[in-house]
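Hi,

Here is the structure I promised to pass on. Please have a look, then read my notes below.

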Amino acid sequence: MTIAHETVLRQSHEEPHSLEYSTSGGRLKILGFWMFLATDLVLFGCLFATYLVVRTHAATGPTEGQLFDVPTFTAETLILLTSSFTCGLGTREMRRGSRGGAVSLLIITVLLGLSFVGLEVNEFVKYTSSGANVQTSAFLSAFFVLVGTHGCHVSMGILWMTSILLQLMVKGISQVTAPKVFVVGLYWHFLDVVWVYIYTVVYLMGVIK
Amino acid sequence: MLRGDVQPTPFFVTGDPMILASDVLIALTLVGIVAALTYFKKWKWLWREWLTTVDHKKIGIMYLIAALLMMFRGGVDAELMRTQLALPNGRLLQPEHYDQIFTTHGTVMILFMAMPFIFAMMNIAVPLQIGARDVAFPYLNAISFWMFFFGAMLLNLSFVIGGSPDAGWVSYPPLSETPFSPGPGENFYLLALQTSGIGSIATGINFLVTIFKMRAPGMTLMRMPLFVWSIIGTSVLIIFAFPALTVALALILFDRLMGAHFFTILQGGVPMMYINLFWIWGHPEVYIVILPAFGIFSEVVSTFSKKRTFGYSSMVASIMAISVISYLVWAHHFFTMGAGPGVNAFFAIASMCVGIPTGVKVFNWLFTMYQGRIRLTTAMMWAIGFIPNFAIGGATGIMLAAAPADYQYHNSYFLIAHFHQVLIGGVVYGMLAGMYYWWPKMFGFILDDRLGKAAFWLFNIGFYVCFLPQYQLGFMGMTRRIYTYPAGMGWTTLNLISTIGAYIMGIGFVFIVLDVLYSAWRGERDVTGDPWDARTLEWSLPSPAPHYNFAKIPVITARDAWWVAKQENHGKLNEPDEPIAPIHMPKNSGVPFLFALAFFVGGFGLVWEWYWLAALGLAGVLLCLVTRSWDYNTDYYVPVEEIEHTEMALRRSPT
Ligand code: HEM
Ligand SMILES: [Cu+2]
């Protein structure tokens with residue numbers, strides 16, 4: 001808030017910024033969002049810790065090695081990584097002032113996100129229909145909750161990004177919409193980073209003997 | 001005790017005559033409030049001025065009122081427990097009822113009394129002290145408040161609907177799992193804490209950004225008041241600790257609602273993981289609430305000693321050191337769990353290290369008072385009373401931190417006495433000091449000193465009478481969470497003394513309430529805005545401050561800026577030599593209230609496993625998010641005439 005406040009205070013001795021940093025409101029939002037990501041990181045950290053503690057506690061259910069399917073999680077990973085790339089390109093288009101470019105890249109990102117979630121839902125359904133669900137063992141509880149929390153984050157991101165790209169279409173690129181695009185991008189990249197850890201800690205460590 | 005014979009849980013709790021009586025009282029109070037609001041035509045006022053406000057000062061006041069109410073509720077729980085324990089074989093409360101009461105007492109006092117109290121203080125003081133017009137995200141600030149508020153309501157609701165949780169404020173599994181705690185009580189606990197926890201995380205982020213980005217020009221970090229520094233420490237701790245609580249609670253909820261096996265004994269669950277997660281939050285949490293108290297003591301001691309704080313930089317360094325170390329000591333809450341000598345030794349030594357920066361702070365307060373011109377106002381009394389408390393609390397903490405010795409103390413009344421010594425003697429004393437200190441700034445009148453001191457002495461004496469015997473009871477083998485004890489243990493006299501102390505503290509609390517009522521009626525008005533001849537920026541403003549705080553943002557050239565202005569510049573801050581400009585302010589909004597209400601509805605649905613209601617709540621939450629995201633009309637400019645008019649009315653010429 002208080003653009004006036006800021007202009008009184010800091011005048012214009014700061015570097016020229018890209019559009020999303022051009023208002024004090026935008027700068028505050030972006031900093032605040034970084035801090036939110038820090039809290040989310042701790043949240044995932046705790047889920048990972050729990051997973052690592054119980055990952056060998058398969059009880060009577062299947063173990064990691066018996067469950068995970070290399071092609072599926074590889075596809076999920078490739079799709080999500082690509083979506084992060086398209087999302088980054090979208091931010092770049094936004095900075096260059098190309099609304100069409102930004103919107104279409106964000107749409108591609110959302111579609112990739114949707115196919116990621118689709119694959120993951122499919123994977124979950126496959127496991128549960130083979131009798132491996134949250135109630136089977138501590139390992140499976142932790143697996144579904146860790147990976148599912150990430151999946152919920154991605155779904156939330158899809159809804160959010162859709163809302164933002166609609167706003168871009170309606171309102172155009174401005175000092176108000178630019179930070180929004182940037183922040184949803186940060187969120188998306190963050191989820192990608194978390195996925196890299198899921199990929200390594202859950203899937204790779206799970207299938208490597 | 002295993003309650004295998006699951007009966008369908010009645011919706012309304014009716015069995016106990018005491019609960020029934022409070023049901024009636026609550027219903028009557030509600031009817032009374034509704035009738036009064038309608039009769040005085042205050043509904044609109046309530047909505048416009050309070051429920052939709054985004055002004056940090058008003059949000060602070062709402063936090064304060066809520067904290068005092070919750071202190072009353074938790075206090076009643078405490079008096080009931082002490083009454084039960086006053087004599088052997090007490091039969092005032094049934095065992096199940098006693099379990100519920102110690103659970104809600106702890107939960108309410110830490111999450112719904114201490115937390116809102118610190119949020120009250122930081123909302124009231126931080127923006128004013130750094131020369132800002134509001135926090136960085138005023139709208140989010142309102143969300144935080146309402147999330148806290150509805151979380152607190154959800155927990156308190158369990159008292160009359162569904163039954164209170166009874167697995168302790170720490171809610172350890174397997175006790176808190178479905179087989180041992182069937183029924184909705186435990187769910188209330190989990191969802192209430194989850195709801196208010198989201199609000200707390202948002203507050204941590206909000207204040208950190210505020211302090212980093214919204215300071216007046218010239219207010220470098222090392223020129224900030226120490227209270228602001230303490231809020232940096234608290235906010236950082238909130239950001240890194242609260243997500244652990246979120247996860248701990250969520251995982252139990254998965255166990256309870258979906259039949260997962262995180263913390264069950266069956267199917268490979270590990271209950272110890274919960275205990276770790278809980279205390280990874282839990283220990284930082286005790287520092288989250290004590291650091292602001294430290295900050296308040298720094299302000300109060302320096303103001304009422306008429307000296308700048310001794311050792312400012314070492315104060316800053318110790319706040320930061322405490323924030324870091326307190327994150328590395330969590331396992332001292334379960335030395336007896338058997339993690340092995342290596343782990344226990346690490347956590348024992350780390351715990352003892354916290355004593356060092358804390359000691360530095362205590363000595364700095366003492367040196368600030370040394371050779372100062374001390375004025376014994378009520379706020380100062382609370383600050384001075386705190387020092388011996390914390391000396392004892394710190395010393396007993398170090399005793400507990402000696403891992404081998406802790407096998408003896410753990411979960412005895414010695415532990416109970418320790419944490420009450422620091423939580424009451426530190427946090428509550430600090431918050432009351434802050435309340436007496438900033439009260440004129442909030443409300444424009446000063447709390448009566450005579451009544452205030454009477455309250456202080458009653459509370460302080462009652463406090464020692466109540467808790468010193470408990471150390472000894474701990475040595476004599478009395479364990480915590482017992483609902484009664486037989487005669488002939490040798491515990492009777494000390495327990496009776498302790499209960500008398502608790503009653504004296506209760507009377508002390510009544511005196512504080514009397515003080516507020518009396519002073520609202522005839523208290524001295526604060527016409528100068530600076531009743532204490534204080535040192536920091538908030539006292540340069542009229543009391544209460546106008547909603548935009550500063551008509552012009554001052555330029556800061558030194559620590560204790562207002563004191564310097566009074567000494568060197570005839571009480572005028574350096575203000576930019578320009579005419580008043582329109583001020584950019586956030587608009588009020590009802591969405592934060594509705595957003596938290598949606599959480600409340602969804603949470604209530606999950607408590608009863610009514611998933612349709614939970615889905616409805618979630619839909620409400622999403623709707624609020626979208627509404628806000630599409631709202632491009634969130635702020636406005638206060639016109640110059642209005643500012644000039646306000647400043648004129650406050651008798652400050654807007655030159
Ligand atoms: C030098 C400082 C301190 C040290 C070394 C210390 C040490 C300890 C230890 C070792 C325990 C666990 C004992 C046991 O369960 O057997 C404990 C419990 C506790 N401490 Fe402290 N403490 C310190 C300061 C504080 C402060 C400042 C607060 C709060 C403001 C606090 C609040 C608590 C609480 C609430 C518990 C018990 C929680 C429970 O089991 O229900 N402590 N402390
Ligand atoms: Cu601790």
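Some ground rules. This is a predicted model: local features need pLDDT of at least 70, side-chain atom pairs count only at pLDDT 80 or more, and totals for chains, interfaces and linings use all residues. Residues are numbered from 1 along each chain as its sequence is written, chains are lettered from A and ligands numbered from 1 in the order in which they are written, and side-chain values use heavy atoms, with hydrogens and water left out.

**The chain**

Chain B has 19 helices and two strands. These are DSSP runs (helices H or I, at least four residues; strands E, at least two), numbered from the N terminus. With a radius of gyration of 25 Å, close to the 26 Å that the globule rule gives for 655 residues, chain B is as compact as a globular protein of that length. The radius is taken over C-alpha atoms, and the rule is 2.2 Å times the number of residues to the power 0.38. The C-alpha trace spans about 75 × 60 × 50 Å along its principal axes.

Of the 655 residues, 60% count as buried. Buried means under 20% relative accessible area, exposed over 50%, and partly exposed in between (1.4 Å probe, protein chains only).

**The copper site**

Three histidines of chain B are the protein donors of the copper ion (ligand 2): B:H283 through ND1, B:H332 through NE2 and B:H333 through NE2, at 1.8 to 2.0 Å. Donors are N, O and S atoms within 2.8 Å of the metal (3.2 Å for Na, K and Ca); water is not among the atoms, so sites may look incomplete. The sequence spacing is H-x48-H-H. B:H283 sits in helix α8 (residues 271–305), while B:H333 is in the loop between α9 (312–325) and α10 (341–369), 50 residues apart. B:H283 is buried at 6% relative accessible area. B:H333 is partly exposed at 21%.

**The iron site**

The iron atom of ligand 1 has B:H418 (NE2) as its only protein donor, at 2.2 Å. B:H418 lies in helix α13 (residues 413–443). How far apart are the iron atom of ligand 1 and the copper ion (ligand 2)? They are 4.5 Å apart.

Best wishes
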